[in-house]
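Trainee: I would like to go through the labels used for this model and see what each one rests on. Please set each value against its definition.

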Amino acid sequence: MIAASVILGEGVVIHHPDLVNLYGCSIGAGSRIGTFVEIQKNAIIGQNCKISSHSFICEGVTIEDGVFVGHGVMFTNDIHPRAVNYGGELLSDGQWDVVPTLVKRRAAIGSNATILPGLTIGEGAQIGAGAVVTKDVPDYAIVAGVPAKIIGRVQDAPASVISSRRV
């Protein structure tokens with residue numbers, strides 16, 4: 001389902017429009033959206049991005065231009081998720097805080113990675129398949145593992161942009 005509230009840029013390709021769930025989001029020109037993708041309200045996808053099948057992009061996520069999101073990538077937006085309050089009543093939209101996440105331009109996120117809320121994934125960074133990203137990722141860093149740690153740098157990046165700090 002593609003809700004009327006979705007803003008689609010020129011040339012966006014949605015491979016199977018009946019097999020996605022898009023509502024209240026914005027998708028930039030030239031981007032491609034795979035099958036079984038959900039993009040929630042207030043999520044922003046930049047231009048010329050590829051969002052592969054079975055990925056979940058929740059409210060509060062901003063993805064800049066030229067980003068690759070592999071199959072089954074999971075973004076989260078709540079640090080303390082709960083279904084009910086202390087009285088056992090179901091929580092509503094206004095009873096929790098959306099924690100924003102930013103993925104900077106030309107980053108690549110491998111299949112089945114999980115991105116915790118409130119993080120920034122740096123420009124040109126690469127996230128290994130299956131990684132659990134729990135801290136910010138510097139520009140041009142390559143991270144992998146659970147939790148994700150820096151294992152290298154993208155070859156076309158100057159060495160000076162990769163921090164020695166661990167994520």
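Trainee: Why is Asn112 called exposed?

Mentor: Exposed means over 50% relative accessible area, buried means under 20%, and partly exposed lies in between, with a 1.4 Å probe and protein chains only. Asn112 has a relative accessible area of 52%, so the label is exposed. Asn112 is found in the loop between β14 and β15 (114–115), and has a positive phi of about 65° although it is not a glycine. This is a predicted model, in which local features need pLDDT of at least 70 and side-chain atom pairs count only at pLDDT 80 or more, while totals for chains, interfaces and linings use all residues. Residues are numbered from 1 along each chain as its sequence is written, and side-chain values use heavy atoms, with hydrogens and water left out.

Trainee: What makes Phe36 partly exposed?

Mentor: Its relative accessibility is 46%, so Phe36 counts as partly exposed. Phe36 also has a positive phi, near 60°, and is not a glycine. The residue sits in the loop between β5 (32–33) and β6 (38–39).

Trainee: How do you know what counts as a strand or a helix?

Mentor: Both are DSSP runs, numbered from the N terminus: helices are H or I with at least four residues, strands are E with at least two. By that rule the chain has 20 strands and zero helices.

Trainee: Why is the chain called as compact as a globular protein of that length?

Mentor: The radius of gyration is taken over C-alpha atoms, and the globule rule is 2.2 Å times the number of residues to the power 0.38. For 167 residues the rule gives 15 Å, and the chain has 16 Å, which is close, so the description holds. The C-alpha atoms fill a box of roughly 50 × 45 × 20 Å along the principal axes. Of the 167 residues, 41% are buried.

Trainee: What makes β1 and β16 edge strands?

Mentor: Two strands pair if DSSP finds at least two bridges between them. The open sheet has six strands in the order β1-β4-β7-β10-β13-β16, and the pairing is parallel. β1 (7–8) and β16 (120–121) each have a single partner strand, so one side of each is left without a neighbour in the sheet.

Trainee: How do you know that β13 pairs with β16?

Mentor: Two bridges join β13 (residues 101–103) to β16, and the strands run parallel. In one of the bridges, Val103 has Ile121 of β16 as its partner.

Trainee: Which strands pair in the antiparallel sense over four bridges?

Mentor: Strand β19 (residues 141–144) and strand β20 (residues 149–153) do. Ala141 stands opposite Arg153 in β20. The two strands form a hairpin with four residues between them, and Gly145 in the turn has a positive phi of about 100°. In the loop between β19 and β20 lies Pro147, joined to Val146 by a cis peptide bond with omega of about -10°.

Trainee: Why is Cys25 in no disulfide?

Mentor: A disulfide is a pair of cysteine sulfur atoms within 2.5 Å. A search of the whole structure finds zero disulfides. For Cys25, the nearest cysteine sulfur is that of Cys58, 12 Å away. At 2% relative accessible area, Cys25 is buried, and Cys58 counts as buried at 1%.

Trainee: What makes Glu123 and Arg105 a salt bridge?

Mentor: The rule asks for a side-chain nitrogen of Lys or Arg within 4 Å of a carboxyl oxygen of Asp or Glu. The side chains of Glu123 and Arg105 meet at 2.6 Å, N to O, and the pair is a salt bridge. Glu123 is in the loop between β16 and β17 (126–127) and Arg105 in the loop between β13 and β14 (108–109), 18 residues apart. Glu123 has a relative accessible area of 21%, so the residue is partly exposed; Arg105, at 37%, is partly exposed too. By this rule the count comes to one salt bridge.

Trainee: Why is Ser53 called buried?

Mentor: Its relative accessibility is 15%, so Ser53 counts as buried. Ser53 lies in the loop between β8 (50–51) and β9 (56–57). Contact means heavy atoms within 4.5 Å. Leaving aside neighbours within four places in sequence, Ser53 is in contact with Gly34, Thr35, Val37, His71 and Gly72.
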